[in-house]
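I opened the model today to look through its aromatic residues, its core and its confidence values. My entries follow in the order I looked things up.

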Amino acid sequence: MKTSISAIALAMMAASTQVQAFDFGVNAANLEKANTSKWACKKCNTNIGTQGEFTLAAGSAITDDDHASNALGYEDGFAAGVDADILHISDSGTRSEIQAKELGSERGDLRLSHRMPGSWQVEAELDTKSHVDTTTAQTDPSDLDKTEQLKLEREKLGFAARYMGGRWGARVAFDNEDLTGKQASSVSLLGNTTNIAKPVDSVTRNMMAAVHATGDRWLLEAGYQGSWYDNDILGFAVQAPESALAGAPDNQAQQVFLKGRYQAGSTRISGRVATGEQKQDADLVTLTGVPAGVEAADLKVNTLDAELGLTSRLSSNLTLRAAARYRDRDNDSTLYEFEQIRFGELSGQVEQTQAMDTTKANYRLSADYRLAMGQKLSAGIEYENIERSASEREETDETEVWVSYRLSSLELWDLRLKASYGQRDGSRFEADSVTSSEENDLMRKYHLADRNRTQVVAEIGHTPLPQLNIDLRMHYALDDYDDSDIGLTESEDYGYDLSLGWEPGDAWYLSLFGGYQWIDNEQLGSDNGDYATWSALSSDEFGFAGVSADYLGLKEWGVKLSASYQYALSISDAHTSAPEYLGEYESTSHSVQLRAEYAVSERAAIGLRYQYERYEDSDYADIPVVNYPGQGVWGLTTLGDLSQDYNAHLVMATFSYKL
């Protein structure tokens, strides 16, 4: 899983935060009250011996709902964790490092490394994460008092090594990730649908090995990378209705690659090419049977990836950038024919599985021009072409142009503005004869449909006083699907983020932050397929606000105090011109954290931490496990009311020691 975390999001996650600026540069940070001990350049440190700090924490989590562990990091009961940042430098210059964060909790991390700077390095890493979706899933219609959790747990172990010689080097990395738990899923048969708690038990292994050589102006690297996915639950039976659900099949992907770069004066050229294959070898999971002699679905896809980039400084004021990427997926899989149960006018039709090939080409060109000191104008264009075989739309073309301007020459202001316009079109819908009869010719799937996209982003940084700084970010985006008769026709996304850092006196530092986002979608639908007969409007809203305070007025007594409060809101609402079955979803959370620390000596400190979480969500679209005509949706067996409503507390005593 991958995530892009904004400065505001970082502020929300911090127990007690300093100013959060949109500019991540050091010049944008106010460091007078910040703890910069961890910012030291460890590569520059030549002190022989052991240095750093570790913290031991122990206490108790008090909650009747394990969903609170998403915020607290602990389930109900005893809680303990370790934080550490320790570096040891030997007489020979080798460096051994231990870094731990909340180790022992539901989201603990540990990293061990041993290295000789500029020569070699080995490291190992442990990363544990868990997420509880709900604790109230009802999976047994005959016993509605019995509930269970929908929870996923991940444990990742990794190892890496690197050697750096004078003109050549090598590196290798390996990691093993276990994913276990249960998640919501569903099966359908003969018009009946059952929501189920699907078990998850899989292992993913990744490996990379490469060697490189360097010269005065060039670097060249060749390597191999592979990934193997093993699922211990390939399929299982569901009792009501009697059916079988297939799990994700075992698969693997492997590539060999060659990449490099070359510097010629003020121009740098870089490139990468990789070729490989993806394989799947899995037994078929079915209740209706398959053709004689067919027992497995063995699939194979050949892959080819290529990238080329160029950056050139044409003058002291002008820099040019260009890039091209190519991605090809050639599906070389065996095709089978199956008799499938279908509903409506296509019932009983023979359908053939399709081996889909995809090809993607992307081209980018941009330029930066310095108008004057503290003023920069940037502009660019991007074009992307995607071809898909056996698809509702076999080819799409997307073009985007953008321009941005930054003004940083004013003493108290930093202004940034970016605007872009994009357009997507492509080949005629349902050009493939195999799929053309399967889709409504008026239907436009949003990721394939013609679309005009307009976006504007403005960022303002202002420091009206030496003790006060303000950052504001605003954005607006409009997607217009002007050729869709049935499907998504328009989408708006707009909002703002605001942060403020204030030092009202020598003893205080305050940080305030907040933001709100709106997403509105318009959609047309049809009951008969000939024309639109109903419309829908869905609105999603997300908001957050928070404040944190650090008090240093008692630092002469060895006392540090801090407090923070955070609030988050999420609302989703849908309205249709047809009879409505969907209601509003709303969730709110309140989080309070208090910290106190007392230095018993120059090296040791004891502390107390308290965290309070108030969480509530309600989904009026939730339907009881067993529902009847007039009370819900016919033919549906659900997991029940999955809403959460609880208070949770965490109390931890801490001991910190500086080495």
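How many aromatic pairs does the structure hold? I found nine aromatic pairs in this predicted model.

Entry 1, Tyr363 and Tyr383. I looked up the ring geometry of this pair and noted centres 6.4 Å apart and planes at 15°. Tyr363 belongs to strand β18 (residues 358-372) and Tyr383 to strand β19 (residues 375-388). The two tyrosines are 20 residues apart, and I noted that the pair links distant parts of the chain. I then checked accessibility. Tyr363 has a relative accessible area of 44% and is partly exposed. Tyr383 has 30% and is also partly exposed.

Trp508 is in strand β26 (residues 508-525), while Tyr551 is in strand β27 (residues 534-551). The pair therefore ties together parts that are 43 residues apart in sequence. Are these two residues buried, exposed or partly exposed? Trp508 is partly exposed at 40% relative accessibility, and Tyr551 is partly exposed at 24%.

I listed a cluster linked by ring pairs, made of Tyr476, Tyr494, Tyr496, Tyr516 and Trp518. I also looked at Trp402 and found the charged end of Lys418 over its ring, 4.8 Å from the ring centre.

Which residues make up the largest nonpolar core? I counted eleven: Ala57, Ala61, Ala68, Leu72, Tyr74, Ala79, Tyr615, Tyr646, Ala648, Leu650 and Met652. The elements that give two or more residues to this core are β1 (49-63) and β32 (645-658). The largest share, four residues, comes from β32.

The chain has a mean pLDDT of 86, with 82% of its residues at 70 or more. Over residues 1-40 I found pLDDT below 50, and this stretch has 65 contacts in the model beyond near neighbours in sequence. Residues 339-351 stay under 50 as well. For that stretch I noted 20 contacts beyond four places in sequence.

Definitions and conventions
Residues are numbered from 1 along each chain as its sequence is written. This is a predicted model: local features need pLDDT of at least 70, side-chain atom pairs count only at pLDDT 80 or more; totals for chains, interfaces and linings use all residues. Side-chain values use heavy atoms; hydrogens and water are left out. A nonpolar core is a set of buried Ala, Val, Leu, Ile, Met, Phe, Trp, Tyr and Cys residues joined through side-chain atoms within 4.5 Å. Buried means under 20% relative accessible area, exposed over 50%, partly exposed in between (1.4 Å probe, protein chains only). pLDDT is the predictor's confidence in each residue, from 0 to 100. Contact means heavy atoms within 4.5 Å. Rings of Phe, Tyr and Trp (its six-membered ring) pair if their centres lie within 6.5 Å; planes under 30 degrees apart count as stacked, over 60 as edge-to-face and the rest as tilted. A charge sits over a ring if NZ of Lys or CZ of Arg is within 6 Å of the ring centre and within 35 degrees of the ring normal.
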